Amino acid sequence: MASEQTPLLHYRLTGGSIQAPDASALLRPTGTSGCDVKPADSPRRLGTLFGVVVPTMLSMFSVVLFLRLGFVVGQAGLLQGMAIFFLAYFVIGLTVLSVCAISTNGAIHGGGAYYMISRALGPEFGGSVGLLFFLANVGSSSVYLLGLVESVVMDFGQQYGGALPTGYWPEVGYGSAFLLLLMLICQFGAAFYTRAIFLVLLMVTVTYGAAIASLFPSGGERSVVVVLNSSMHLNVTVHAPNLGTLRHNLDSHYIVDYTTGEVATFFSVFAVMFNGCTGIMAGSNMSGELKDPSRSIPRGTLTGVAFTYCIYNLTAFLVSSSCPRLLLQYDYGFLRTISPVPLLVSLGVYAAASSASLSCLIGASRVLYALACDRIFGHILSPLTMTSRSGNPWVAVLFTWFLVQCISFSGKLNSIAGIVTTCFLLTYASVNLACLAMEWASAPNFRPTFRLFSWHTCLVGLLGNVAMMFMVNPLIALISLVALSIFTVFLHYQTPDMGWGFISQALIYHQVRKYLLKLDVRKEHVKFWRPQILLLVANPRGACGLIRFLNHLKKGGLYVLGHVVIGNLDTMPYDPVQTESSSWLALIDQLDVKAFVEVTLAASVREGAQHLLRIAGLGGMKPNTLVMGFYDDAQSHDWFLSDRAFADDAENRSHEASVCGPTPVQQLRTHFSPPRGAEAVRLLCESEYVAIINDAIKMGRNVCLARSFHRYPGPPLQKRFRSLRRGETSLQSTTRSDGETGTSDLETGASFSVLDEDDDASVTIDVWPLDLLRPDAAFYLDVCGLLALQLACVLGMVPAWRGARLRVLLPVEMFSGVGRKSLDNASGRLDNATGQTDNGELGGPGTEASASFLPLRDGVREAEASLRKLLSGLRICATVRTIPWDDVVALHWCRSNCGWTPDSVEDVAKTIRGVPEKVYAPYVDAVNGLLRRTSGAAAIRLLYLPRPPSDQRMYPAYLQRLHQMTRHLGPTLFVHGVDHVTCTDL
C-alpha cells in the first residue's frame, strides 16, 4: 500500500501472504523533494478527547473565563456581550470549517496549521505562515505564563499583603520556574502531556463549578466590598439570579477601564474577548500525535468550540442575573471576590493559564519540528530534527523553551498580547485562503469528507480574520503583512521544489481554461495581430541565441519550442517524449525565456513538423509563424560552453546540490549532446527542409528562416553590437584582401548613398521589404514585405532593443532604363565571373556606375514617397534609404545574353513565376555584395523569402541561392508572409 505521501499505486483488498510491491521503489514520493528529512515515526497515542477537545477548550477558556468575563458583561451588557460572543465565534467558526475541510482531504502529519497551509499553498507561503505561527505560539505561551505570574503575585505577593517577594527579578524567577516545569512535561512526550492536561481539566472543572455555585448564595444574597480606588470602597450585594438584576445589566454602559485609563468601546471590549478565542488550533498542533487526525481534528475542534461558546453565553447570562454592574465594572476578578473559597478560584486561574501556556509550548515545538524536517529554511534547522527513542522532538522543545524564556524577560504582558493575537489571526486567514484556493481550483482530488463549508464561508472567514487583525492593532497588522511578504519572497528564491504541488498552478489552469474558451478564433482581427511563434529546434546547444532572440520578437504572443524525436513507438519500450519534454522545460527555466514546449515522435522530421504545425497551441492560441534555423554546413556554436546561463561555477555546485544530485546545468549538458560537426550525418536533407517550408505555407503559416544567429550577442545591445561590428568589419576587409583586386564603382556609390555619419554609433535593424531575387517585381510591396516591417517594428518595441534604429532599404534603378553602356559593363562582369573570389565580391576594373550621381527618375522618387507614406500610415518610425543597384539588376537582365527590358506589368508577371531557381549565380553574388556593403553593420537584417518552387527537383537550387545571397552576413532573418498582419485603420 502506498504511503500517505505518495500517489496510490497498490491497495490490498484481501488478506494473504503475498506482499504488494513497495510504492516508494516504483515512484519517488511526491511529498518529498529528495533533500528533506522524513519525520520520525512517533507513536500516535492521542485520541479525539484528550488530543483535540481538551486542549482546545482549555486554550479558549484560559484566563478569560475567570478574569475578563465580568469586564465584557459590565461594559457591554448582556445583549451586546452575547453579540460579541457571536461575532467572535462566527469568525473563528468559519476558520474551523476550513480546518475541518482541509484535514479531511488527506493524511495529516505533524505541524498542524503549518502542514495544512504549506501542502495547499506551497512551501513559500506555507513556510512564511508557519514561521509566524510558530512565533505566535511562542509569544502566546509567554503571555499566559506572565498572566500566571501576575495572578500568583496578586494573591501571595508582599505588595498585596502576602509573603512572596515582588519585583522584576522575583517575578522573572517565578515565571522561569513555572516554565521549566512545563518544559519538563513536554520532554516526557505526548502520553505524559495527556495525563497533565487531564489533571488540569479536573481542576478547571471543579473551579468553574465552585464559581457558578457562588452565584447562588445561601439565603439568596451576599454582601461584598468593591474597591473603587485607594480611598473609596463600596458595599454591593450579590443576589441569586433574578429578573431585576438581569434587566439592569441588559444594556451597555461603557465607562473608563480602570486597567488602561481609557473609556471602553464596543470594539475595545471585542478585542479583549477575541484574544481568548485564538486557541482553536491547540488540537490541530498535535496532529503528529493523533491516532486519526483526519477524524479527530474536525470532530474535536468543533466540539471544543461549540462547548466553550455555550459555556461563555451561559456564564454571561448567570452573571448578568446575579451581580450588580458596579461589581462587574470595578472588579474584573469578581469570581474570587464572591466565592466563599477565593483560593479555589485562584487555583482554577492558575490551572487554566498553565494549561494554555503548555498547549502553546508543545504546539510551537511541533510546528518548529515540522519546519525543520521539511528543510524549507535549508540546513540551518537541521539539529532540530533530532528526536528521542519515542519520537519526541526534544531539541525542538528545548529551543522553543529558550525562546519563551527570552520573551518572558520582557515582563510586558499587554505589549506582547497584541502581536500574538495578530499572528494567530494571520494564520487563521491563511487557512481560509488555502481552503478557498483549493475550492476555487476545482481540483478533482479536493474532495474532503467534511462538506459543511463552501467558498463563501472561506472568503468571509478570510476577510473577517483580516478585519480583526486591523481592529486589534492596525500598525502591528500592517507590519505582520509586510513581514509575511518578505519571508514569502525570500523563500521563493531560496526553497527548492518540495514536490508538494502548487495550488497556484491549479488556479491558473482553471482561469486559463475559462478564458481560452472565450478566445474565439472567428473574432480575430488584423489590428490585434501579434507573432505567435513555433520554433523548430534540433539541438538547443546550438540554438540558444535564436531562442533568446525570438523571446524578444514574440511581443506577448505564443512562443513554442518544437522538437521532433525520430522513431517508431511500436519498437520502443516507452515513450521518449516524456523524458525529452522534462529536459526542454529545464532548458527554458535555465534560459529564462517565456515559452512552451511541444515534443512529438515521428518517422521523419517533415512528418513531425506537420504534427507540430497542426496541434501546437490550444484554441485561439496557435502558432501563426514557423521559424527554423538555416540549412547549411556551418559548424554550430555550442552555447552551453559560452553562455553565462550555463556556467558551472561554485554557486551551481553547492552543498545541497552535491547531496541531491547533479545541478540543472550538468543535467542539461548530459542530456543534450554537443552540436554536430560539419561532416556529421544529418537527419534532414535539403529537399525535406524546403518541403517543410512549403508545407507551412500551405497550412497558412508565415515562415522565417534564421541564419548566423550564433553571432547574435543579445542584450545589452549597444556595447555588444559595437564589438560585433568591429569583428564583422575586420572579417570583411580580410575577405576582400584575400580575393579582391580592386573596388568597384557600384560599391563606392552605394556606400556613399546609404551610410550615415552616426551609423557606427547606433544599433540598426535593416529591412529589405522587396524580393531581391526578383528585381522585376520591385514595383510591389506584398504581405511578405509588410510582415518584415511588422516584425522589425515589434522588435524595436522590446525594451532591450528600444535604442535601435529601424531602416527600410529600398533598392532602386537610378537611370531611366538599363542602357547599353550598363549592359556592356555587366557583360564584362559576366566575362570575368570565373575569376571571382569565393566571397562573391565582383572584381575587375572600375565601371561607370558612378553615373548614379545623375538625376533620379520620377518613378524612384514616387516609390520612395509612397513607401514613406505607407510607413506613416502604419505608425512605423523608420528611416527610408534608397539603394542604387543598377549594375546588380543589369546582371539579372543579362542572364539570357540579351538586353530585354520589361515594358509592362504583364511582362513582369510573366517573369516572376518560378524564377528564383533560375537566377544567375553572378547576380546572386552581386546581391550578396550589396547586402554586405549596405547592411553589413546592422544588428539584424530582415530579407524577403521567396516561395519555394513547385518543382521539388529545384529545392536544392532554391536553398543554394538563399545560402549564396546571405553568405558572410551577420544575424539574418528571411521572412515569408501569407496573411495580412497590419493595417492603417484605427
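How many aromatic pairs does the count come to? By the rule that rings of Phe, Tyr and Trp (its six-membered ring) pair if their centres lie within 6.5 Å, the count comes to 21 aromatic pairs.

Before I continue, a word on the source. The model is a predicted one, in which local features need pLDDT of at least 70 and side-chain atom pairs count only at pLDDT 80 or more, while totals for chains, interfaces and linings use all residues. Residues are numbered from 1 along each chain as its sequence is written, and side-chain values use heavy atoms, with hydrogens and water left out.

Let me return to the aromatic rings. A pair of aromatic rings is described by the distance of the centres and the angle of the planes. For Tyr89 and Tyr309, these values are 5.1 Å centre to centre and 55° between the planes, and the pair is tilted; planes under 30 degrees apart count as stacked, over 60 as edge-to-face and the rest as tilted. Because Tyr89 belongs to helix α4 (residues 69-103) and Tyr309 to helix α11 (residues 293-322), this pair ties together parts that are 220 residues apart in sequence. Helices (H or I, at least four residues) and strands (E, at least two) are DSSP runs, numbered from the N terminus.

I turn now to helix α14. The axes of helix α6 (residues 123-156) and helix α14 (residues 342-374) come within 8 Å and cross at roughly 160°. Axes here are lines fitted to C-alpha atoms, for helices over the stretch in contact, and angles run from 0 to 180 degrees between N-to-C directions. α6 is therefore roughly antiparallel to α14, where angles under 35 degrees count as roughly parallel, over 145 as roughly antiparallel, 65 to 115 as roughly perpendicular and the rest as oblique. The residues of this contact divide into 20 nonpolar, 9 polar and 1 charged. In these classes, Ala, Val, Leu, Ile, Met, Phe, Trp, Tyr, Cys and Pro count as nonpolar, Asp, Glu, Lys and Arg as charged, and the others, Gly among them, as polar.

Helix α2 (residues 48-61) also meets α14: their axes come within 8 Å and cross at roughly 120°, so the two are oblique to each other. Pro55, Leu58 and Ser59 of α2 make the contact with Ala352, Ser355, Ala356 and Ser359 of α14, contact meaning heavy atoms within 4.5 Å.

With helix α15 (residues 394-408), the axis of α14 comes within 9 Å and crosses at roughly 125°. These helices, too, are therefore oblique. Among the contact residues are Arg366 and Tyr369 of α14 and Phe399 and Trp401 of α15. By class there are 9 nonpolar, 2 polar and 1 charged.

Finally, the sheet. Its 10 strands form an open sheet of mixed pairing, in the order β5-β4-β3-β6-β7-β12-β11-β8-β9-β10; two strands pair if DSSP finds at least two bridges between them. β5 (596-602) and β10 (879-884) stand at the edges with a single partner strand each, so one side of each is left without a neighbour in the sheet. Strands β8 (residues 764-768) and β9 (residues 805-812) run parallel, joined by 4 bridges; Asp766 has Arg807 in β9 as its bridge partner. Helix α22 (residues 605-615) lies across β3 (533-536), β4 (559-566), β5 and β6 (625-629), and runs at about 135° to β5.
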